[in-house]
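Hi,

Here is the structure I promised to pass on. My notes on it follow below.

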Amino acid sequence: MTLDEVNTALEKGTVIFNTAGSHIPKLASATLACCDAAALPCALNMYVTAAGKRTSAPPHTDRQDVIVIQTQGQKHWRVYSPPDPSMKPDADMYARGKGDDNLPLY
């Protein structure tokens, strides 16, 4: 993405750079260090949200463990317990809040 494309995308919300550690040389060493420390495959994703955005991502679940490192600005982070699977027994518990699935804040 060009800088202009990133700025245009930021007007709509968060810009996600998946596997940024594989494509940005300055992040590669951090990605490799995580792989070495965990003795597991690791990926470094980068999420960029414009200042003043109230929400960068809706409530959701992930298939992997996530470590968040905020490098600039401030944000109030909320981490919830996993959703009750009995509320939606046919849903993929690791894909809640993504695609067509709605995972409300309550």
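Starting with charges: the 10 positive and 11 negative charges of the chain have mean positions 7 Å apart. Lys and Arg count as positive, Asp and Glu as negative, with His and the chain ends not counted; each charge is placed at NZ of Lys, CZ of Arg, CG of Asp or CD of Glu.

Before you read on, this is a predicted model, where local features need pLDDT of at least 70, side-chain atom pairs count only at pLDDT 80 or more, and totals for chains, interfaces and linings use all residues. Numbering runs from 1 along each chain as its sequence is written, and side-chain values use heavy atoms, leaving out hydrogens and water.

On the fold, there are three helices and two strands (DSSP runs numbered from the N terminus: H or I of at least four residues, E of at least two). Along the sequence they come in the pattern α-β-α-α-β. The C-alpha atoms fill a box of roughly 45 × 40 × 25 Å along the principal axes.

Of the 106 residues, 11% are buried (under 20% relative accessible area; exposed is over 50%, partly exposed in between, with a 1.4 Å probe and protein chains only). For contacts (heavy atoms within 4.5 Å) with a separation of 6 or more, 57% are between residues 24 or more positions apart.

V68 is partly exposed, with a relative accessible area of 46%.

Cheers
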